[in-house]
Amino acid sequence: MSLFLNNSSGQQVYITTNATLPTGVVQYVSCVVDRVAATIKFYLNGVLFDTITGIHTATISPTTGDVYRIGYDHGGSTTNMEIFAYQHYTKALTANEIL
């Protein structure tokens with residue numbers, strides 16, 4: 001799993017290499033970006049999968065050319081998956097809220 005987090009100075013890619021996800025089964029993947037703590041937490045089926053620390057905390061703004069995409073690698077290979085449902089929150093969810 002990876003998360004592209006753009007800012008006005010360029011694209012930052014944060015990738016978890018914790019394990020390979022199985023294919024052919026429905027999975028619930030959650031990604032929590034905590035700007036204050038400078039972390040990204042990946043959850044798989046409600047369980048913490050990996051934590052990435054030291055992410056950039058620069059402002060992200062669509063008015064400066066930053067783009068929000070799900071399931072798409074702009075400039076790289078395409079994503080081979082189906083997204084059945086998608087939710088976006090304006091706060092970093094807790095582990096209990098993810099579960």
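**The sheet and the core**

Three strands make an open sheet in the order β3-β4-β5, with antiparallel pairing. β3 (29–34) and β5 (47–53) are at the edges with a single partner strand each, so one side of each has no neighbour in the sheet. On average, neighbouring strands here are turned by 20 degrees against each other, direction ignored.

Some terms. Helices (H or I, at least four residues) and strands (E, at least two) are DSSP runs, numbered from the N terminus. Two strands pair if DSSP finds at least two bridges between them. Axes are lines fitted to C-alpha atoms, and angles run from 0 to 180 degrees between N-to-C directions.

This is a predicted model: local features need pLDDT of at least 70, side-chain atom pairs count only at pLDDT 80 or more, and totals for chains, interfaces and linings use all residues. Residues are numbered from 1 along each chain as its sequence is written, and side-chain values use heavy atoms, leaving out hydrogens and water.

Back to the strands. β4 (residues 39–44) pairs with β5 in the antiparallel sense over six bridges. T39 has T53 in β5 as its bridge partner.

Which residues form the largest nonpolar core? The nine are L3, L5, A38, I40, F42, L44, F49, I52 and I55. β4 gives the largest share, three residues. A nonpolar core is a set of buried (under 20% relative accessible area, 1.4 Å probe, protein chains only) Ala, Val, Leu, Ile, Met, Phe, Trp, Tyr and Cys residues joined through side-chain atoms within 4.5 Å.

Last, L99 counts as exposed (over 50%), at 73% relative accessibility.
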